[in-house]
Amino acid sequence: MRKLLLLFTAFFSLLFGCSASPKTLVVAPDDFYKLSFNSISGEKIDFSSLKGKKILIVNTASKCGFTPQFEGLEELFQKHKDKLVILGFPSNEFKEQDPGSNTEIAEFCQLNYGVSFMMMEKSEVKGNGQNKVYQWLSDKNLNGWNDDSPSWNFCKYLIDENGNLLAFFPSTVKPMSEEIELLIAK
């Protein structure tokens, strides 16, 4: 079943322009569940507490053309919250489109989009100051196959229930897209 899912994922990768894991399951050399990060309110979140659920990680920004994707992310979360965790990582690296403080970002997300999924502390998602989560997501020596760092706001990484990187989606792939929905449903 897992091989079939991975073949299906590879097919969607070619069809929709997203990166997906290789045709065979690649177990990450570094354990995703050893990572942790602070929530936007400063609470430490150990990723080991997320075992058994799929995890969608998204670098976000409050003043971007893709910012309305918060609505789709919230809809996706509400639809699948029994088996999906969404982690939003605010970043100000792309044209300084998220200049606010953690408090301002949290208020913006709640007020404008009713965000109830987990938002993390503002951090860097690429380059020399890249946080440890994004180091894992964008280094094939750590995650097993992917070297794609975010190229813009709202890039998405999907982790399976066992802590393996399943797929990378560029900003243009909407949260409620068929390819993301199918991978979550499996």
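Let's start with the charged pairs. A search of the whole structure finds four salt bridges. Keep in mind that this is a predicted model. The general idea is simple: side chains of opposite charge can pair when their charged atoms come close.

Take Glu-161 and Lys-54. They form a salt bridge, with the closest N and O atoms 2.9 Å apart. Where do the two residues sit? Glu-161 is in the loop between strand E7 (156–159) and strand E8 (165–169), while Lys-54 is in strand E4, so the pair ties together parts that are 107 residues apart in sequence. Is Lys-54 buried or exposed? Lys-54 is buried, with a relative accessible area of 1%. Glu-161 is partly exposed, at 26%.

Next pair. Glu-181 and Lys-79 meet through their side chains in a salt bridge, 3.0 Å from N to O. Glu-181 belongs to helix H6 (residues 178–185) and Lys-79 to helix H2, so this pair ties together parts 102 residues apart in sequence. Glu-181 is buried, with a relative accessible area of 13%. Lys-79 counts as exposed, at 51%.

One more. Asp-147 and Lys-140 have a salt bridge at 4.0 Å, N to O. Asp-147 counts as partly exposed at 44% relative accessibility. Lys-140 counts as partly exposed too, at 43%.

Now to strand E5. Why is E5 described as largely enclosed by the rest of the structure? Seven of the seven residues of this strand, residues 84–90, are buried, so the structure around E5 largely encloses it. In a regular strand the side chains alternate between the two faces of the sheet. Both faces of E5 are covered. On one side, Leu-84, Ile-86, Gly-88 and Pro-90 are buried; on the other, Val-85, Leu-87 and Phe-89 are.

What does E5 pair with? One partner is strand E4, residues 54–60, parallel to E5 over seven bridges. There, Val-58 stands opposite Gly-88. E5 also runs parallel to strand E6, residues 118–119, joined by two bridges. Leu-87 has Met-118 as its bridge partner in E6.

Helices come into this as well. E4, helix H2 (residues 69–80) and E5 make a right-handed β-α-β unit. E5, helix H3 (residues 102–113) and E6 make a right-handed β-α-β unit as well.

Last topic: cysteines. Cys-64 counts as buried at 9% relative accessibility. Cys-109 is buried too, with a relative accessible area of 2%.

Methods. Residues numbered from 1 in each chain as written. Predicted model: local features only at pLDDT ≥ 70, side-chain atom pairs only at ≥ 80, totals over all residues. Heavy atoms only, no water. Buried < 20%, exposed > 50% of the residue type's maximum accessible area, 1.4 Å probe, protein only. Helix = DSSP H or I, 4+ residues; strand = E, 2+ residues; numbered from the N terminus. Pairing = 2+ DSSP bridges. Right-handed = clockwise from strand over helix to strand, strands pointing away.
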